[in-house]
Amino acid sequence: MSEVIVVTSGKGGVGKTTTSASFATGLAQKGYKTVVIDFDVGLRNLDLVMGCERRVVYDLVNVIQGDATINQALIKDKNEQNKGNLFILAASQTRDKDVLTKEGVEKVINELKETFDYVICDSPAGIEKGAHMAMYFADSALIVTNPEVSSVRDSDRILGLLGSKTERAEKGLSPISEHLIITRYSEKRVNSGEMLSVADIKDLLGVPLLGIVPECQSVLSASNAGAPVIHDQNSPAGKAYARIIARFLGEEVPEESEKQKGFLRRLFKNNKEKETV
Amino acid sequence: MSTVADCAFQLKADLFPLTVFCVHDPRLERIKAQLTDTIQKAPKYFEDAPFIIDVSRVAGEDIDFAGLAAVLKEANTKPFGIRGVSDDQKEAAAAAGLALFKQTPSAQTESAQASPKAQNIAKAPTRIITKPVRAGTKIYAKNADLIIIAPVNVGAECIADGSIHVYGPLRGRALAGASGDKNARIFCQSLDAELIAIAGHYQVSEHLQVPEHNGHVLQVFLQDNKLNITSI
């Protein structure tokens, strides 16, 4: 059975596209046929992060409006590690979110569900049409949250919408399976009281935690290189996404504490690595 | 989509506001006299006005249903239904061409809609919420108390015409006595609310003076139009 997963947050800039890219890549590497769709019509970014921005011919809006078939719009990811399982459906850069219709999106998603195991919907920020369409047909949701108050409040709002303004909620079907992903986490800043702790966030949102992705410079490098950070298994963020994929697929993986691995590193290094802002 | 045009008719449920003609004295001459007088004051209102006759106040007395219907029709109104008839009167009423309506205990709610006196409103059953009230959600317990056994998150709004009980952290807004009941209270275990209000008298989180309560329940009530917060 195909599963539709929305990656959403409410707040902008928390790591939805970064997470969508790595999450979809991780599933493909595990052998699942995966497609990731960019719902940020007008402000598309997923194609950049996936490294296929120079191969976009047709996009989601073209397919909805009947200018192209799904197969013409789907872009196959070239990375060999993905074993040909990963496809991208880019957003339009010239239109805006008003062109998305419920019927159009439903048709696209249903058609994709016929061939793919996982349909990942990369939601735009906000709670308007783009975000609403991205979450409407979801079976599961990854709620991406930064450990700070405004992000948590926005995530709470999104959780409210997931529970009321989606197809599953409106038709009284079993509720969307919710998973929390905390991104840009810095243990140092949590200890100094600047950032909310994991316990605080869990208490405020009340959603099961899928994983914690630490603040990591490799995320920017990955975005610049057009290769999702999960490919970089030397980076903390890359490893965190690998753990997230494992947990999502049912494995029990403990979270890595910065203290454990940091101790030896600090003992032998000259503090060259500075904590990013 | 299935074609609506296929069927000859469709049955739908709908609500209509109607005037109820409450009979206090079944004597036709008195009704006729008062009718003439009343219509003179507002002729347009009564022209073709559909009426439901209510005879519950004169239960037990002899009523000439046909005559009553005739008097009303003469005055250009359209009586089409009747309520408050006893079982032995049903046949006569139906013979006069009046549809029988069930007597509903709605007198109280009607007067409540006309003049919002908090004391006379028929109270609805208490609403109980067990899932977290998330940011952006608004819950309104109309004519009822509200019990929330979950957190009320920042950005959420809980409104009740009665009292509000929150068995979880209260971080959003709580407005009790929303229709003016000054006796409504708010009960909670932890008060970190954005705003609390009783019958329109409110206080924002900045001005909240929450007393030491050691985990005991707090209650918020109105005294001399001022909000008081005490530990129980």
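Predicted model: local features only at pLDDT ≥ 70, side-chain atom pairs only at ≥ 80, totals over all residues.
Is A:R189 buried, partly exposed or exposed?

1. A:R189 counts as partly exposed, because its relative accessibility is 29%, which lies between the limits of 20% and 50%. Its side chain meets that of A:E194 in a salt bridge, with 2.6 Å from N to O. A:E194 itself is exposed, at a relative accessible area of 52%.

2. **Extent of the interface.** The size of an interface is often given as the accessible area lost when the parts come together. Here chain A and chain B bury about 710 Å² between them, and 44% of that area is on carbon and sulfur atoms. On the side of chain A, the residues that lose the most area to chain B are A:R153, A:D156 and A:R157, which together account for 55% of what that side buries. In terms of contacts, 10 residues of chain A touch six residues of chain B.

3. **Polar links across the interface.** Six residue pairs, both members at pLDDT 80 or more, are in polar contact between the two chains. Two elements of chain A, α7 (149-162) and α10 (198-205), each give two or more residues to the side that touches chain B. The largest share, five residues, comes from α7(A). By type, the residues on this side divide into four nonpolar, two polar and four charged. Two salt bridges are counted between the chains; one of them joins B:R171 to A:D203, with the closest N and O atoms 3.4 Å apart.

4. **Salt bridges in the whole structure.** Side chains of opposite charge can pair when their charged atoms come close. Over all chains, a search finds 19 salt bridges. Among them is that of B:R30 with B:D25, at 2.6 Å between the closest N and O atoms; B:D25 is buried, with a relative accessible area of 15%. Another joins B:D48 and B:K78, at 3.2 Å from N to O. This pair links distant parts of chain B, 30 residues apart: B:D48 lies in the loop between α2 (43-46) and β2 (50-54), and B:K78 in strand β3 (residues 78-83). B:D48 is partly exposed at 43%, and B:K78 is also partly exposed at 43%.

5. **Cysteines.** The structure holds zero disulfides over all chains. B:C188 is buried, at 1% relative accessible area, whereas B:C7 is partly exposed, at 38%.

Definitions and conventions. Residues numbered from 1 in each chain as written. Chains lettered and ligands numbered in written order. Heavy atoms only, no water. Contact = heavy atoms within 4.5 Å. Buried area = accessible area lost by both parts, 1.4 Å probe. Salt bridge = Lys/Arg side-chain N within 4 Å of Asp/Glu carboxyl O. Polar contact = N/O pair within 3.5 Å; in protein donor to acceptor, adjacent residues only side chain to side chain. Helix = DSSP H or I, 4+ residues; strand = E, 2+ residues; numbered from the N terminus. Nonpolar A, V, L, I, M, F, W, Y, C, P; charged D, E, K, R; others polar. Disulfide = S-S within 2.5 Å. Buried < 20%, exposed > 50% of the residue type's maximum accessible area, 1.4 Å probe, protein only.
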